[in-house]
Amino acid sequence: MSQTLNEQIDAVVKFGMLKADIPVDITGNLAPQIALRPYQRTALERWLFYIDKYEARPKAPHLLFHMATGSGKTVLMAALILDLYRRGYRNFLFFVNSAQIIEKTKDNFLNPASAKHLFAPTVRIDDRLVDIRAVDTFDAVSGDAINIHFTTIQGLHTRMQAPKENAVTIEDFRDYRVVMISDEAHHLNAETKKTLTVGEKEDKASWEGTVGQIFSQHPENMLLEFTATVDLSHEAIRAKYHDKILYDYSLRQFREDGYSKDIELRQADLPPDARMMQAMVLSQYRRKVAEAHGLHCKPVILMKSKTIKDSGDNEAAFTAMVAGLTGEALDALRAVSKGDETLSLLIVTEN
């Protein structure tokens, strides 16, 4: 099999041909508190090489940035928007799987009062002021502004299937070149994983199909995907992204570079209620350690379930376990946790 795009760029790095100065239109227009980390600069260097020097680059690029959770993918999105503006792009479509993420992202992109605002108080490119605006449609938007349409992929799919007045339509993508930015992009691969009939392949009424349809509307559209969890072990997905992964920055590398929090993995061959009690004991211990150092801390316990019904049943079981908690129950947990020195000590402390 031929080299992947990521491997081709790695070869360029090996021969010292990648280094590039990050344009001041990027660095000078990010928020003052943002200092690009080395791996973020590397991602931008790879982008600049791809856009300016990669001879096999298609006119309508589709790229994936496969980067660890917490590595600042949103900062990279903002930097790419600034760079694409200086290259003549004005219209951006930002979509994710969650409405909550949309609201958080809008705040980061548009609200100067936000502690996580991504852009400088005044954005100036090519010696002119540039506004950053949220828009409902790309029809009649400002040709001098950065125009961003924020949506969920579900909402976008619905609007493409049932167009409404004063909302983005398929014609918007036919008449204007648009940069599509997908956060948590692994959600787009549902159809890639499936075995489809001929008819389904021809007319996929799916999120992935909708994105593909939009992307193909204009010969200069771009699709930039960002995720930490693309399933490259799946043959069809690995083939889909063979020529699209521009940067692969793993969680292991993120941790080795000293940016990730230390993670302690614990395993327990116990029933669900006992594992819940273990998690609660550890959580309460963290809270008490924090309070001993004058810190207010509200630890979070996440219980993962396969189905919505399982989630409801587990929530009810956890609530009942907490309501009926006794010293005897903790003694019983200590008895089954004898092989875990930390938990045994913590349970004694709780008693």
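This is a predicted model: local features need pLDDT of at least 70, side-chain atom pairs count only at pLDDT 80 or more; totals for chains, interfaces and linings use all residues.
Reader: How many helices and strands does the protein have, and what share of its residues counts as buried?

Author: The protein has 16 helices and nine strands. Of its 351 residues, 42% count as buried. Among the contacts with a separation of 6 or more, 74% are between residues 24 or more positions apart.

Reader: How many aromatic pairs are there, and why is the pair of Phe 94 and Phe 109 called tilted?

Author: A search of the whole structure finds 13 aromatic pairs. The ring centres of Phe 94 and Phe 109 are 6.0 Å apart, and the cut-off for a pair is 6.5 Å. Their planes stand at 55°, whereas stacked requires under 30 degrees and edge-to-face over 60. The pair is therefore tilted.

Reader: What makes the pair of Tyr 247 and Tyr 249 stacked?

Author: The planes of Tyr 247 and Tyr 249 are at 20°, and the limit for stacked is under 30 degrees. With ring centres 5.9 Å apart, the two form a pair, and the angle makes it stacked.

Reader: Why do Tyr 247 and Tyr 249 count as buried, and which aromatic cluster do they belong to?

Author: Buried means under 20% relative accessible area. Tyr 247 has 8% and so counts as buried; Tyr 249, at 4%, is therefore buried too. Together with Tyr 39, Phe 254 and Tyr 259, Tyr 247 and Tyr 249 form one aromatic cluster.

Reader: How do you know that a charge sits over the ring of Tyr 85, and what lies over the face of Tyr 89?

Author: The charged end of Arg 90 sits over the ring of Tyr 85 at 3.8 Å from its centre, and the distance cut-off is 6 Å. Over the face of Tyr 89 lies Arg 177, at 4.0 Å from the ring centre.

Reader: Why is helix H3 described as roughly parallel to helix H4?

Author: H3 (residues 38-53) and H4 (residues 73-86) pack at an angle of about 30°, with their axes 11 Å apart. Angles under 35 degrees count as roughly parallel, so H3 is roughly parallel to H4. H3 passes H4 in a right-handed crossing. The contact includes Ala 43, Leu 44 and Trp 47 of H3 and Leu 76, Ala 79 and Leu 80 of H4.

Reader: What makes H13 roughly perpendicular to H15?

Author: H13 and helix H15 (residues 327-336) pack at an angle of about 100°, and their axes are 11 Å apart. The range for roughly perpendicular is 65 to 115 degrees; H13 is therefore roughly perpendicular to H15. Ala 274, Met 277, Gln 278 and Val 281 in H13 meet Ala 329, Leu 330 and Leu 333 in H15.

Reader: Why is Met 277 called buried, and which residues is Met 277 in contact with, leaving aside its neighbours within four places in sequence?

Author: Met 277 is found in helix H13 (residues 272-292). Its relative accessible area of 9% falls under the 20% limit, so Met 277 is buried. Leaving aside neighbours within four places in sequence, Met 277 is in contact with Met 321, Leu 325, Ala 329, Leu 330 and Leu 333. Met 277 and Ala 329 are 52 residues apart in sequence, and 9.1 Å apart in space, C-alpha to C-alpha.

Technical notes:
Residues are numbered from 1 along each chain as its sequence is written. Side-chain values use heavy atoms; hydrogens and water are left out. Buried means under 20% relative accessible area, exposed over 50%, partly exposed in between (1.4 Å probe, protein chains only). A charge sits over a ring if NZ of Lys or CZ of Arg is within 6 Å of the ring centre and within 35 degrees of the ring normal. Axes are lines fitted to C-alpha atoms, for helices over the stretch in contact, and angles run from 0 to 180 degrees between N-to-C directions. Helices (H or I, at least four residues) and strands (E, at least two) are DSSP runs, numbered from the N terminus. Angles under 35 degrees count as roughly parallel, over 145 as roughly antiparallel, 65 to 115 as roughly perpendicular and the rest as oblique. A crossing is left-handed if the near helix is turned anticlockwise from the far one by less than a right angle, and right-handed if clockwise. Contact means heavy atoms within 4.5 Å.
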